[in-house]
Amino acid sequence: MRLDGKVALITGAGSGIGRRTAILFANEGATVVVNDISQENGVQTVDEIRASGGQAYYIKADVTQQAEVKTMVQQTINLFNKIDVLFNNAGIAGVGAVHEIEEDTWDKVVNVNLKGVYLPSKYVIPHMMERRQGSIINMSSCVAEIGLQRRSVYAATKGAVLALTKSMQVDYAPYQIRVNALLPGTILTPFVEGYLRSAYDNPDEALNTIKSRQLSEQLGTPEDVANAALFLASDDSKFILGSPLYVDGGAVFGKMA
Ligand code: NAD
């Protein structure tokens with residue numbers, strides 16, 4: 001039980017990586033606050049956790065809306081008095097080169113992927129500072145490190161999240177708050193399935209292209225990322241501060257030829 005007695009707030013926990021992480025954190029003894037803009041999906045995550053004996057509560061909020069985020073954090077504090085772990089996971093894709101991206105897509109992706117890290121952090125951190133402890137995990141991506149075709153705005157936000165993580169770490173290290181980033185490669189989730197449909201005509205060709213970018217023969221799974229999030233959330237990573245953790249099958253540092 002690596003998160004026994006801890007309270008974890010996970011944004012975008014109604015699907016994919018967030019849902020798998022919520023289930024794993026609950027299995028490891030955490031009380032999990034499941035946030036998602038989709039109530040149906042968020043409640044499904046909670047139901048799954050409760051069915052296996054874990055503790056979870058759904059709180060609806062759009063991570064881009066200050067008032068909703070503020071209320072979500074206050075509700076969490078009212079219920080549990082503390083937040084030990086914040087996983088800023090919610091995110092959306094946005095496919096296209098700069099000349100193809102419409103302004104409203106640009107703004108939406110920047111809002112969800114970047115402001116959606118800032119706002120929950122802004123309201124959770126004062127509670128962590130008071131207790132002089134906490135672990136924050138920000139969802140970046142390996143596209144923060146490597147150029148990939150037609151990912152302009154998405155890559156820009158994930159690079160910004162990585163820079164923000166390092167800056168946050170310096171500000172909050174004196175309060176014993178750790179802030180780290182996850183950099184997944186391609187992980188098969190509804191997010192990626194949607195992206196594959198919009199970016200490629202042939203899904204098999206798409207999967208082969210993804211595999212050719214990494215060293216592992218297997219595609220990444222939500223469990224792979226959830227395990228890394230568990231490590232960063234738990235005291236096992238107590239000497240890891242301001243770091244990027246790659247969960248990418250060797251996509252960033254490996255080269256086949
Ligand atoms: P997903 O689409 O399966 O899940 C994302 C969840 O976020 C959804 O349930 C969605 O409803 C929720 N969400 C979206 N906008 C929201 C908002 N404004 N407020 C609250 N919730 C909102 O995606 P996933 O693949 O599990 O991705 C999770 C995170 O991991 C994202 O930040 C994504 O950029 C990142 N990531 C994913 C991959 C991958 O290959 N899947 C790789 C690198 C990084």
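User: Which residues come nearest to the ligand?

Analyst: A residue counts as near when one of its heavy atoms lies within 4 Å. In this predicted model, there are 29 residues around the ligand, and Ser 15, Asp 36, Tyr 154, Ile 187 and Thr 189 come nearest.

User: How many residues of the shell around the ligand are nonpolar, polar and charged?

Analyst: The shell divides into 14 nonpolar, twelve polar and three charged residues.

User: Where do polar side-chain or backbone atoms lie relative to the ligand?

Analyst: A polar contact is a pair of N or O atoms within 3.5 Å. Tyr 154 places a polar side-chain atom 2.6 Å from a ligand oxygen, and Lys 158 places a polar side-chain atom 3.0 Å from an oxygen atom of the ligand.

User: Which helices and strands supply the shell, and which gives the most?

Analyst: At least two shell residues come from each of α1 (16-27), β2 (31-36), α5 (152-172) and α6 (190-199). The most come from α6, which gives three residues.

User: What do the domains contribute to the shell?

Analyst: Domain 1 (7-185 + 221-246) and domain 2 (190-219) each provide at least three residues of the shell around the ligand.

User: Which pocket does the ligand take up?

Analyst: The ligand takes the space of the largest pocket.

Conventions. Residues are numbered from 1 along each chain as its sequence is written. This is a predicted model: local features need pLDDT of at least 70, side-chain atom pairs count only at pLDDT 80 or more; totals for chains, interfaces and linings use all residues. Side-chain values use heavy atoms; hydrogens and water are left out. A polar contact is a pair of N or O atoms within 3.5 Å; within protein, one must be able to donate a hydrogen and the other to accept it, and residues adjacent in sequence count only if both atoms are side-chain atoms. On a 1 Å grid over the protein atoms alone, a cavity is a set of points where a 1.4 Å probe fits but cannot get out, and a pocket is an open set with protein on both sides within 12 Å along at least five of seven lines; lining residues have an atom within 4 Å of a point. A molecule sits in a cavity or pocket if more than half of its atoms lie within 2 Å of its grid points. Helices (H or I, at least four residues) and strands (E, at least two) are DSSP runs, numbered from the N terminus. Ala, Val, Leu, Ile, Met, Phe, Trp, Tyr, Cys and Pro count as nonpolar, Asp, Glu, Lys and Arg as charged, and the others, Gly among them, as polar. Domain bounds come from an automatic or database domain assignment.
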